[in-house]
Amino acid sequence: MTRQRTVAIIGGGPGGYESALVAAAAGASVTVIENEAMGGAAVLTDCVPSKALIATSDFMSRFASAGRLGVGFEGAGEDQHAEAHLIQINERILALAQAQSHDIRAQVEGTGVRVCRGAGRVSAPGKVTVESEDGVEEISADVTLIAVGTRPRTMPAAQPDGDRILTWQQIYDLKELPEHLIVVGSGVTGAELAHAYLGLGCAVTLVSSRDRVLPGEDADAALVIENVFRRRGMQVLNRSRAKSAERTDEGVLVTLEDGRTVEGSHVLLAVGSIPQTRGIGLEDAGVEMTESGHIVVDRVSRTSASGVYAAGDCTGVLPLASVAAMQGRLAMAHALGDAVAPLNLRGVCANIFTDPEIATVGYSQADVDEGRVEAKLVTLPLSTNPRAKMRNIRDGFVKLLVRPGSNTIIGGVVVAPQASELIFPIGLAVQNRLTVDQVSSTFSVYPSMTGSITEAARRLHSLDY
Ligand SMILES: Cc1cc2nc3c(=O)[nH]c(=O)nc-3n(C[C@H](O)[C@H](O)[C@H](O)COP(=O)(O)OP(=O)(O)OC[C@H]3O[C@@H](n4cnc5c(N)ncnc54)[C@H](O)[C@@H]3O)c2cc1C
């Protein structure tokens with residue numbers, strides 16, 4: 001009889017808990033070590049809470065456009081408006097996150113995995129040490145997976161106090177809606193949360209060090225979002241790098257590198273993340289890391305140390321919960337001898353939860369413009385889509401990228417309300433190398449937003465190349 005393999009997983013976020021499920025299904029004896037709660041930052045402070053906050057904000061925003069669909073509110077004064085009750089909103093979000101964490105723990109433990117509350121570190125080859133309230137325990141592991149995630153980066157001259165100067169992990173303790181929120185950083189987290197608080201009724205200033213918001217995203221999509229932000233009253237300061245944030249008697253003062261200042265009631269720092277990889281024995285175990293502290297992994301999540309794998313944000317591969325989970329699954333499949341196809345980042349569907357949302361998959365227009373891939377492309381504004389007209393959707397587009405010759409779809413962008421729900425057919429096409437003809441000959445509902453996807457594919461068929 002073969003000996004049961006032992007697996008130790010440090011970190012119970014998507015990278016950790018998904019790998020635990022795979023390892024348990026493969027018959028291994030699995031321990032997950034988590035120093036906060038199962039679900040990780042994804043569930044407790046980052047992904048789940050922010051999307052729940054945005055759900056409330058989007059709901060409120062719909063009231064503002066009700067008039068354009070002919071809806072009025074009877075029996076109230078002229079200035080009737082929806083109002084955000086932040087205590088209730090935050091209570092709901094935190095309860096939802098706790099419930100999700102609880103469900104994950106129950107699911108993981110239900111497969112026989114041991115969940116250990118404490119801080120884990122690699123103490124020797126094949127050994128993981130857990131420090132908890134109950135003392136110190138050493139666990140032997142044939143396979144170790146590091147999935148310790150990241151924490152918010154702060155700036156030396158802008159230290160969060162959890163009250164007025166905040167990281168995104170501290171906003172759910174606020175008892176009152178900020179009067180004027182200054183968001184420093186216009187990447188995905190900054191843009192999403194600036195949009196969320198604007199929708200809740202705050203005055204928002206977005207401080208962006210670059211030429212435009214969302215610098216890493218499709219330029220056309222980012223332009224749509226920036227225009228929408230401004231139209232709705234957000235102050236967007238481009239080419240403005242924040243140097244410091246300090247408290248004043250009334251609120252906060254943010255000083256920019258060029259000497260300008262911005263006054264507000266609160267400031268939210270969204271200036272990136274730091275991997276939590278230092279001081280947990282990785283250097284001594286021979287795990288190669290980058291200067292930034294990210295763990296170097298290959299496409300099946302192996303590190304440079306034998307028997308040690310890593311998954312999720314701590315690898316710096318692509319900071320998404322879905323990617324963390326996939327890296328964790330691949331690691332365990334590889335380590336425990338199951339069939340495994342290496343990680344394919346071209347198939348990752350990603351979404352930015354602004355309004356409209358930006359969803360992307362596969363190659364981007366920047367890849368084409370910068371010569372990394374040859375493609376023909378079509379951009380179809382949603383303003384011509386009948387369903388969009390009915391729903392009073394004014395902003396957005398569908399963009400498809402196609403490989404010349406084979407006419408296979410290699411990438412796409414959707415900018416639309418709930419684009420996260422519309423990108424999947426394009427993801428399916430990219431992953432399975434479907435041609436524009438296969439997509440355009442597939443029925444879409446009339447009228448529907450997906451009609452723009454089949455229409456874009458039709459246009460690409462008739463594009464001579
Ligand atoms: C505001 C925000 C919104 C986001 N929204 C989305 C989204 O909508 N969709 C999406 O796909 N991604 C989103 N992300 C990204 C997503 O949250 C991350 O990609 C995901 O959390 C990565 O999972 P992980 O398992 O690597 O790490 P984490 O979720 O960070 O989990 C790591 C866990 O390890 C624990 N840990 C760390 N060190 C130790 C130790 N030594 N011992 C024991 N435990 C330890 C930590 O406490 C933590 O619980 C968002 C991120 C942010 C910041």
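**Notebook: ligand site, sheets and backbone**

I began at the ligand and looked up K51, where a polar side-chain atom lies 3.0 Å from a nitrogen atom of the ligand; I count as a polar contact a pair of N or O atoms within 3.5 Å, and within protein one must be able to donate a hydrogen and the other to accept it, with residues adjacent in sequence counting only if both atoms are side-chain atoms. I note for all that follows that this is a predicted model, in which local features need pLDDT of at least 70 and side-chain atom pairs count only at pLDDT 80 or more, while totals for chains, interfaces and linings use all residues. Residues are numbered from 1 along each chain as its sequence is written, and side-chain values use heavy atoms, with hydrogens and water left out.

I listed the elements that give two or more residues to the shell, and they are α1 (14-25), β2 (29-34), α2 (40-44), α3 (47-64), β4 (119-124) and α7 (321-335); helices (H or I, at least four residues) and strands (E, at least two) are DSSP runs numbered from the N terminus. There are 35 residues around the ligand, of which E34, N35, G120, D313 and A321 come nearest, a residue being near if one of its heavy atoms lies within 4 Å. By class I read the shell as 16 nonpolar, 14 polar and five charged residues, where Asp, Glu, Lys and Arg count as charged, Ala, Val, Leu, Ile, Met, Phe, Trp, Tyr, Cys and Pro as nonpolar, and the others, Gly among them, as polar.

**Five-stranded sheet**

I traced an open, antiparallel sheet of five strands in the order β19-β20-β23-β22-β21, taking strands as paired if DSSP finds at least two bridges between them. Its edges are β19 (350-352) and β21 (376-381), each of which pairs on one side only, and the twist from one strand to the next averages 10°. Within the sheet I checked β22 (residues 397-402) against β23 (residues 409-416), which pair over six bridges, and there L400 has G412 in β23 as its bridge partner. Helix α6 (residues 219-231) packs on this sheet, touching β20 (357-362), β22 and β23, with its direction at about 170° to that of β22; contact means heavy atoms within 4.5 Å, and angles run from 0 to 180 degrees between N-to-C directions of lines fitted to C-alpha atoms, for helices over the stretch in contact.

**Three-stranded sheet**

I also traced an open antiparallel sheet in the order β13-β14-β15, whose edge strands are β13 (242-247) and β15 (261-264), and whose neighbouring strands are turned by 20° against each other on average, direction ignored. Strand β14 (residues 252-256) joins β15 over four bridges, and L253 stands opposite E263 in β15.

**Backbone**

Most residues other than glycine have a negative phi, and most peptide bonds are trans. L214, in the loop between β11 (203-207) and α6, has a positive phi near 50°.
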